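Hi,

Here is the model I promised to pass on. Have a look at it first, and then read my notes below.

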Amino acid sequence: MPTTPAAKAPEVPEVPEVPEALRPSAAPAASAPRPRPPARPRPRVLLGATAAAVAVLLLLVAVGTLLRQPLLIPPLAASAALVAGAPDLPLSQPRSVVGGQLLSALTGFAVLAAAGPGPWGAAVAGGLALGVMALARAPHSPAAATAVVVALQSPPFWPFLGLLALACLLLVAAGLAAAPATGRTYPTYWI
């Protein structure tokens, strides 16, 4: 019996290997907890932190009014909220509160000297202040607003810096005074 040649298998085109980075990843773990809002503070912490923030801000308004510098209140209110409400954060530590505010004011004055007062320079001053604080390892985001205030308002150098230094010391003192009343630790580090 004659034999017929075996059927030749069709050629399968070679498929290039998919790089690991492009391969679909495994499904996310279903058991990973979702982030949740912070727990409600204990009444003692809530009352103590709120009282400390209100007291230091009233004091800062009085000092700012006497020295005719009320525009410092918004950035200092944000600083007070950090010190009173989240005293354990790096942004709330004395190094960051005092150093960040003073460095940001100096950054604002440098931009003011280079560009003059105005919104464009203020935007540059706010952004540069964040970089300067990061380099100095004194991050304090409310201080970027201080640089903006300086670049917009062109305050007198020494009176403004003196008031700002005093205000920062008052904020740190308020944090120190509130710590025992709230049962929290402040500061967690100084330098």
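**What I found**

The protein chain has an accessible surface of about 12100 Å², and 71% of that belongs to carbon and sulfur atoms. Areas here are Shrake-Rupley values with a 1.4 Å probe, and for residues only the protein chains shown count as cover.

Before the details, some housekeeping. This is a predicted model, in which local features need pLDDT of at least 70 and side-chain atom pairs count only at pLDDT 80 or more, while totals for chains, interfaces and linings use all residues. Residues are numbered from 1 along each chain as its sequence is written, and side-chain values use heavy atoms, with hydrogens and water left out.

**Overall fold**

Helices (H or I, at least four residues) and strands (E, at least two) are DSSP runs, numbered from the N terminus. Of the 191 residues, 36% count as buried; buried means under 20% relative accessible area, exposed over 50%, and partly exposed in between (1.4 Å probe, protein chains only). Taking contacts between residues at least 6 apart in sequence, 75% join residues at least 24 apart, where contact means heavy atoms within 4.5 Å.

**The cores**

Which residues touch the most other members of the largest nonpolar core? They are Leu76, Val97, Phe160, Leu164 and Leu171, out of 24 residues in that core. H1 (43-66), H2 (73-85), H3 (94-115), H5 (142-153) and H6 (157-182) each supply at least two of its residues, and H6 gives the most, with 10 residues. Another core lies apart from it, with eight residues, among them Val111, Ala122, Ala129 and Ala147. By nonpolar core I mean a set of buried Ala, Val, Leu, Ile, Met, Phe, Trp, Tyr and Cys residues joined through side-chain atoms within 4.5 Å.

**H2 and H5**

Both of these helices pass a length check, in which the expected span is 1.5 Å times one less than the number of residues. For H2, 13 residues should span 18 Å at 1.5 Å a residue, and the end C-alpha atoms are 17 Å apart, which agrees. For H5, 12 residues should span 16 Å, and the end C-alpha atoms are 17 Å apart, which agrees too.

In H2, the buried residues are Pro75, Leu76, Ser79, Ala80, Leu82, Val83 and Ala84, and their cover includes H1, H3, H5 and H6. In H5, Pro142, Ala143, Ala144, Thr146, Ala147, Val149, Val150 and Ala151 are buried; the buried residues of H5 pack against H2, H3, H4 and H6.

**A buried glutamine**

Gln101 lies in H3 and is buried, with a relative accessible area of 0%. What does the side chain of Gln101 make a polar contact with? The partner is the side chain of Thr146, at 2.4 Å. A polar contact is a pair of N or O atoms within 3.5 Å; within protein, one must be able to donate a hydrogen and the other to accept it, and residues adjacent in sequence count only if both atoms are side-chain atoms. Leaving aside neighbours within four places in sequence, Gln101 is in contact with Pro75, Leu76, Ser79, Ser96, His140, Pro142, Ala143, Thr146, Leu164 and Cys168.

**Aromatics**

The structure holds three aromatic pairs. In one of them, the rings of Phe157 and Trp158 have their centres 4.8 Å apart and their planes at 90°, so the pair is edge-to-face. Rings of Phe, Tyr and Trp (its six-membered ring) pair if their centres lie within 6.5 Å; planes under 30 degrees apart count as stacked, over 60 as edge-to-face and the rest as tilted. Phe157 is partly exposed at 30% relative accessibility, whereas Trp158 is exposed at 66%. Phe109, Phe157, Trp158 and Phe160 form one aromatic cluster.

- Arg137, in the loop between H4 (119-135) and H5, has phi near 55°, a positive value in a residue other than glycine. Arg137 is exposed, with a relative accessible area of 58%.
- Ser154, in the loop between H5 and H6, also is not a glycine but has a positive phi of about 50°. At 38% relative accessibility, Ser154 is partly exposed.
- The peptide bond from Tyr186 to Pro187 is cis, with omega near -5°; Pro187 is in the segment after H6.

Cheers
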